[in-house]
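Good morning, colleagues. Please have the sequence and the structure before you while I speak.

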Amino acid sequence: MPKRYYLTTPIYYVNSVPHAGHALTMMVCDATKRHRELRGEEVVFLTGTDENGTKVAEAAAAAGETPQAFTDRISQAFVEAWRKLDFQYDDFIRTTEPRHHAAVQRLFDILREKGHVYMGSYEGWYDVSAETFVREADLVDGKSPDGNEVRWVSEENYFFRLSAFGDPLLAHIEQNPEFLQPEGRRNEVISFIKQGLRDMCITRANPGWGIPVPGDDSRVIYVWFDALINYLAATGWPEAGWEDLWPCDVHWMAKEIFTRFHATLWPAMLMAADLPLPRTVIAHGWFTFGEGGKMSKSKGNVINPDDLIQKFVEAGCQPELAMDAVRWVLARSVPYDNDTNFTEDSIERIYNADLANDLGNALNRALNMAHKFVGGQIPDAEPEADLVAAIAEAKAKVADAFDRHRIDEAADGAIGLVRFLNKYIDTRAPWALAKSEDPALGAVMLSILLGLRASEALVRPFIPHAADAMAKQLNLAPLTDYDAIGTPASLPAGTKLNNPEPMFPRLERAKPEPKPAAAPAEKAEKKEKPKRGLPEPAPEVSIDEFFRFDLRVARIIEAERAEGSDKLMKLQVRVGDIQRQIVAGIAKQYAPEDLIGRQVVVVFNLKPAKLMGLDSQGMIMAADGPDGGAILLEPDKEAPEGSRVH
RNA sequence: GGCGAAGUAGCUCAGUUGGUUAGAGCAAACGGUUCAUACCCGUUAGGUCGCCGGUUCGAGUCCGGCCUUCGCUACCA
């Protein structure tokens with residue numbers, strides 16, 4: 001079997017419900033699939049849900065459900081959401097399926113046999129919620145940097161020898177410019193790898209949910225290690241026949257899971273197993289919602305695809321066309337290097353300009369003219385040369401944009417033909433030709449209709465139902481062959497045209513609110529931003545917990561700036577008769593000569609650390625200054641050196 | 001702190017290897033048209049291309065420095 005074009009979205013983690021961000025990735029893949037199929041290619045589009053992980057087991061327990069019932073329910077929510085946008089994936093993989101389990105265990109075995117997976121021990125803090133290990137130094141008030149609860153774990157686990165793949169990965173990235181995109185992200189990966197990859201712990205104690213390590217039921221495979229393998233599992237690997245899909249042509253995803261997972265861990269896993277690497281791994285940016293705000297459920301500014309569809313239905317769209325309107329707006333807004341603002345305002349503007357004013361109106365006016373001027377049928381005439389040229393140009397532009405994975409440009413290329421068509425209509429003015437009974441009328445009307453027919457096919461990957469509606473109004477079967485676009489055969493003379501029916505009613509928009517005074521006010525607000533409120537109170541601790549900190553009065557006897565750092569000061573302090581070196585981030589506020597001889601308070605039993613290659617045995621206590629700088633604490637009068645501070 | 005990206009019209013962005021008067025879409029003003037969904041078409045206005053310096057006959061483009069924003073990353077607290 002010949003190789004088929006294979007593209008994927010990530011599998012979505014079942015801890016959240018579908019939102020516009022997921023829909024964006026889906027849209028990009030769905031449009032790509034439909035476009036390539038128009039060009040006669042066989043395409044397989046994979047999506048699915050990620051359902052393993054300790055967190056899922058715990059979330060299910062919290063919801064009073066079995067993990068299976070819980071994941072069935074959430075997974076179904078994604079299926080439903082995608083049905084409402086008519087995303088035509090060919091396969092939906094769930095990581096709880098036997099085919100996935102089989103592939104994961106097989107790959108694990110292969111890596112273990114080849115010596116890329118070894119048993120090691122891990123002792124340290126574990127963030128259950130994020131399912132990641134947290135270094136001691138990164139703990140904040142006994143919690144992970146994200147504020148999650150951590151627990152101390154001490155266990156033997158399997159490790160993947162990721163560290164061995166840095167150089168091969170860099171070489172591959174170097175030799176394959178198309179591998180990682182866009183370029184900015186590619187650079188990010190290169191610098192990430194260059195600073196050294198660490199082996200990765202890829203198993204966890206078995207919580208009764210997940211994929212057991214082959215031959216060792218006491219452990220399950222780490223959810224990320226397992227999740228990535230879905231792309232391979234869906235090809236049927238390791239059973240025969242997978243080569244007609246693998247290697248994958250494109251893995252699409254949002255930027256946050258690009259660098260560490262899809263651009264580093266996953267290719268390393270494949271290399272380790274001697275499997276081919278995907279041709280292209282590409283990340284899009286995020287939607288932001290409103291005034292520079294990130295997508296945030298608490299702000300209530302998240303735009304839900306369902307609500308958007310509803311909005312267009314209320315505006316008067318047929319349900320299927322309302323769905324298309326959402327699809328179009330998504331495709332036109334795909335962020336690449338930067339994030340993009342996705343707001344009611346931008347959505348309405350895109351809809352009105354492209355779909356209502358340009359596309360909808362072009363179809364409507366053309367059909368009206370055909371009924372009035374040429375008897376409501378497709379004239380028997382030759383299309384005019386500049387119109388034919390415009391179609392060819394648009395075809396090439398759309399195909400090229402898709403080949404470069406620029407979905408927004410492809411949509412622009414498609415609607416560009418419609419814009420040209422509106423100008424052409426005005427320039428050739430069929431109503432004037434009709435009035436003067438000019439013989440060019442037939443050719444002009446034929447050209448206009450041919451332009452519409454071509455537009456139908458070019459917008460089809462984005463708005464398939466609108467394309468069908470266009471074909472129906474032209475009384476023709478849908479045009480589904482890219483090569484036929486713009487040909488006389490695509491528009492048989494004599495075809496009786498149907499009556500025009502508006503597809504996308506214009507959205508009436510509130511007049512843009514006049515806010516000349518708003519700009520300076522905004523600026524002022526931004527400048528005053530540093531005056532933040534009282535810092536959040538830390539969680540309550542008991543007196544016993546407090547006494548675990550051994551605070552002492554110490555005297556600074558030497559001070560010098562740490563080489564190569566403008567923040568760090570290297571200090572020698574005396575605590576009673578003990579001398580210690582402490583490295584502190586106070587060099588911006590204090591000069592060495594200000595410090596020598598001073599009494600300060602130090603944390604005496606802090607775990608030693610290395611900063612800029614210097615040992616630091618303790619910490620100097622200081623208050624946060626208004627600019628974030630340190631203000632040293634000093635006893636009110638000379639205190640006995642080494643005395644405890646309570 | 002390090003690395004990277006971005007900074008071009010009111011908004012969103014395009015500007016190839018340096019080469020005339022810096023472009024598009026949206027928004028605005030004006031005009032035109034009547035086939036059409038108050039739409040479409042045209043014209044106009046609007047830019048010291050973040051700032052400073054350099055290379056060059058010539059810089060949005062190349063080089064150096066700085067500022068701002070964002071991302072990644074190290075560290076500090």
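I begin with a definition: on a 1 Å grid over the protein atoms alone, a cavity is a set of points where a 1.4 Å probe fits but cannot get out, and its lining residues have an atom within 4 Å of a point. Grid points are joined across faces, edges and corners, and a volume is the space filled by probe spheres set on the points. This is a predicted model, in which local features need pLDDT of at least 70, side-chain atom pairs count only at pLDDT 80 or more, and totals for chains, interfaces and linings use all residues. Residues are numbered from 1 along each chain as its sequence is written.

By this rule there is one cavity of 30 Å³ or more. The largest cavity has a volume of about 60 Å³. Ten residues line the largest cavity, and the closest to its centre are Gly-53, Thr-54, Val-220, Ile-221 and Val-223.

Ile-221 leads us to a sheet: in strand 11, Ile-221 is the bridge partner of Thr-203. Strands here are DSSP runs (E, at least two residues), numbered from the N terminus, as are helices (H or I, at least four). Two strands pair if DSSP finds at least two bridges between them. The open sheet has three strands in the order 9-11-10, with antiparallel pairing. Strand 9 (203-205) and strand 10 (212-213) are at the edges with a single partner strand each, so one side of each has no neighbour in the sheet.

Finally, the peptide bond from Gln-181 to Pro-182 is cis, with omega near -5 degrees. Pro-182 lies in the loop between strand 7 (180-181) and helix 6 (183-194).

Note on methods. Chains lettered and ligands numbered in written order. Heavy atoms only, no water. 1 Å grid on protein atoms, 1.4 Å probe; cavity = no way out; pocket = protein on both sides within 12 Å on 5 of 7 lines; lining within 4 Å.
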